[in-house]
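Okay, everyone, let me share my screen. Have the sequence and the structure side by side while I talk.

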Amino acid sequence: MTNNIYLPVIVLLLAAVAFALSTLLLAWLWARFFSPHKPGPSKNAIYECGLESVGDAWIQFKSGYYLYGIIFLIFDVEAIFLLPFAVAFTGFSAAESIAMLVFLLLLVEGLIWAYQKNVLVWT
Amino acid sequence: MDETLKNELSKQGILTTTLQELYNWGRTNSIWPLNFGLACCAIEMIATTMARYDLARFGAEVFRPSPRQADLMIVAGTVTKKMAPQVVRLYNQMPEPKYVISMGACAISGGPFKQGYNVLKGIDRYIPVDLYIPGCPPRPEALIDAFMELQKKIDAQQLTGENRPRHLNAGQPSEFPVPRFGEHDLEPARNPAIWKPPLVQIAQTGTDESGSH
């Protein structure tokens, strides 16, 4: 009789599980004996909606969309860097300005590459 | 069980019930409507669920966004011909037992838009309606009244026998044909198995629809 302080918890747990299961069982028995099974094409449809689902869920996106999104993300981040850069511009030394310029040019080079690869053309 | 004996027992603190009463008691107090509105009547329906009119008192505040969890369809508003197939399909997707309240003049007959080329002249042409609430739009009190009438109706339903409700009768359908939005009208224009309008002798009543003789 040393470690039965958890006994009430176990009893409650079992009672809770039994309550849940008995409710489900009762519902199942009720449906079995009283409610006739009435399936139908609308009722068994996968998607519950007034409209019938059209087409396939496994559609393919153009890979161009992915590249477009990546480029947008890069320049979005660049804008965040540019804002403090512009605010603190007058206090910069030459080395710091060149570092920032390299950063900008690298990204612009990426944009030129994307332009030459026709990524930005949306057809 | 004898009604007088039952009353006598309840006075002594003994509750007697039947399976049917228990079943109907549970269903009566947990009617879950479909979260679904078509026009201005839906605003009144929404007001009914809110704190001032408080539909939660009747156990019906749980508006389900899925037809598979709903018991009651409140057709609240004008049913256009474009929308009618979707309404019928939603009704078909609801599990039995299911009930329909036709709320407002439009859902009953087309209402003020009855002459409109694109308006369905009553949702009861396609699905069986349990209760009609007249009004344009009906007040929330009217919807609550319809709710209470529906509760009375459910409470009186028999579990067995000839008069048992549709959902307990294997011979009666759970789904109704969904009309097609055709070139000129819905096809078919009505479901004759459901829509049985009373025959009115216009010659005897003496007035036509426009009100002139």
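**Two chains, and a look inside chain B**

So, where the chains touch: chain B puts 17 residues into the contact and chain A puts in 11 residues, where two residues are in contact if their C-beta atoms, placed from the backbone, lie within 7 Å. On the side of chain B that touches chain A, we get 7 nonpolar, 6 polar and 4 charged residues. Here Ala, Val, Leu, Ile, Met, Phe, Trp, Tyr, Cys and Pro count as nonpolar, Asp, Glu, Lys and Arg as charged, and the others, Gly among them, as polar.

Quick housekeeping. This is a predicted model: local features need pLDDT of at least 70, side-chain atom pairs count only at pLDDT 80 or more, and totals for chains, interfaces and linings use all residues. Residues are numbered from 1 along each chain as its sequence is written, with chains lettered from A and ligands numbered from 1 in the order in which they are written. As for pLDDT (the predictor's confidence in each residue, from 0 to 100), chain A averages 88, and 98% of its residues score at least 70.

Now chain B. It has 7 helices and 5 strands; these are DSSP runs numbered from the N terminus, with at least four residues of H or I for a helix and at least two of E for a strand.

What is buried in strand E2(B)? 5 of its 5 residues are, buried meaning that 20 or more other C-beta atoms lie within 10 Å of the residue's own, with C-beta atoms placed from the backbone. Tyr99(B), Ile101(B) and Met103(B) point one way, while Val100(B) and Ser102(B) point the other way.

Next to that, E1(B) and E2(B) pair in the parallel sense over 5 bridges (pairing takes at least two DSSP bridges). Met73(B) sits opposite Val100(B) in E2(B).

Met73(B) comes up again in the largest nonpolar core, which has 43 residues. Such a core is a set of buried Ala, Val, Leu, Ile, Met, Phe, Trp, Tyr and Cys residues joined through C-beta atoms within 7 Å. Val75(B) and Ile123(B) are also among those with the most contacts inside it.

Last stop, helix H3 of chain B, residues 41–49: Cys41(B), Glu44(B), Met45(B) and Thr48(B) are buried. They line one face of the helix, because they fall within an arc of 105° seen down the axis, going by the directions from the helix axis to the C-beta atoms. These buried residues pack against E1, E2, H5 and H6 of chain B.

Notes:
Buried ≥ 20, exposed ≤ 12 C-beta atoms within 10 Å, placed from the backbone.
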